[in-house]
Amino acid sequence: MPINKKKESNVAGYLASFCFFIPTLAVFLWFRNVQPIPYMDEIFHVPQALNYCNGSYDKWDPMITTLPGLYIVSVTLLRPLSYLTRMDVADICDISLLRATNMLFTVGNLWFLYRLQKRINKYERNISNSRYIMTAVNLASLPLLYFFTFLYYTDVGSTFFILLMYLRYLEERHVSSAIFGACAIMFRQTNIVWVVFIAGLIVAREVEKSTKLESHITHSFVLHSITTAIKSVLTHIHKVPNFMFLFILLSPYLILMCGFAIFIYVNDGIVVGDRTSHQAVLNFPQIFYFFSFTLGLGVPFLITPSKVIAFLKACLRNIFILAILIAISVALITNFTYVHSYLLADNRHYTFYVWKNVFSRHEFVRFALIPMYLYAGWSMFDSINTEPGTYLFKIVFFICMMASTVPQKLMEFRYFIIPYLLARLHMRTGSYVQIGAEFILYQAINVVTLYLFAYKPFTWPHSNDIQRFMW
């Protein structure tokens, strides 16, 4: 890209970030007045951050399950303000400034989403910069991500470092990519999956460069295609020069993975605290929940007449494969559905009502939704386009999506943020109509959820504390 054009593109991105920040700041100040005291998980996060502000790094709340990345960043950001105001960090460490950490992260997310699109879609021609900006605004205001901008949660910061890690990978700056991956893990341990994702993409890219794999497998039978891909990877790394080159290329990520393995060994598990409520299981229906989540938020891109017709034709052409997929889906739902006690007991979360009014309506409902699951999964993977190496990307992405969701016993939409953003980023840039429809959808959901949170509070029979609806 010519230097002047690149500068113009960056200026447009900066301007979009500023324009996004202003209304977000207004919502932030309104939200602070609505909920000026810690709510939900903030009752754990805020006191822990205050401990760090006071320099009490040895104090730890056993109910906190994640590493202290959020608190470290907050204290680091407050230090310059402390210097300017000539006040101690502990004196300015209040809930508003702690929540403001996520304000910075969310603006950063918009910028990285914009940059990532330009990197990912470099093979697309005649795409106006305005479409990239509009898409970045949409994804930065993804309802789940945007809502937690206004609370002191780890989601926005976790997403920030994952996006930054991915951007550095695309720029082939692997050392800094791995460093930002480590930062992401400090916000949420399960982000190690996305470090593995990056490593998998590096292997896939090198295999694709040295073989004609993509042209041989793109249109072939799925199982045979996966087998062919695995054989090609093993054949490639079996050669000593290829293995050594890959080892050097992957070394920053391998060091991080080894460090994480040591952490798991020393910690005797991945969770830091509240272990009894966060036990790993094989909850395979999480895959179907993610597909449904993606279909719901990706409606303008995933539900079109042409896609529905193409799906029906694919089903008719592959009746045997369709029957196998349905049988597998039935088996997974029957034998691997887990229901967390939080899901049944906490009526402050929308997932409580989804489970109560949909999945618990009748046992047959879980199976009646299989056609939708299959369409949602097919439509998502059909829409993902990453040239070159689309097929290998899909395999790596699917494996990591499973690894990040299936072990979770709790049906929690926040677990889907990262895989959804990655899938959406790798879809072809939509038309202005599609992007506009996505914007309207996201903002409508944001308005409704913020309205319900602020103006529809309720109390429990055994408590006078105000409860609010949230994701």
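Student: What makes up the secondary structure of the protein chain, helices or strands?

Tutor: The protein chain has 24 helices and 0 strands, where helices (H or I, at least four residues) and strands (E, at least two) are DSSP runs, numbered from the N terminus. This is a predicted model, in which local features need pLDDT of at least 70, side-chain atom pairs count only at pLDDT 80 or more, and totals for chains, interfaces and linings use all residues. Residues are numbered from 1 along each chain as its sequence is written, and side-chain values use heavy atoms, with hydrogens and water left out.

Student: How many of the residues count as buried?

Tutor: Buried means under 20% relative accessible area (1.4 Å probe, protein chains only); 53% of the 471 residues count as such.

Student: What makes a set of residues a nonpolar core?

Tutor: Its members are buried Ala, Val, Leu, Ile, Met, Phe, Trp, Tyr and Cys residues joined through side-chain atoms within 4.5 Å. The largest such core has 138 residues, and Phe291 is among those with the most contacts inside it. Helix H10 (residues 192-210) supplies the largest share of this core, 12 residues.

Student: Which residues does Phe291 touch?

Tutor: Contact means heavy atoms within 4.5 Å. Not counting residues up to four places away in sequence, Phe291 touches Tyr373, Ala376, Gly377, Met380, Phe381, Phe398 and Met401.

How values were computed: Buried means under 20% relative accessible area, exposed over 50%, partly exposed in between (1.4 Å probe, protein chains only).
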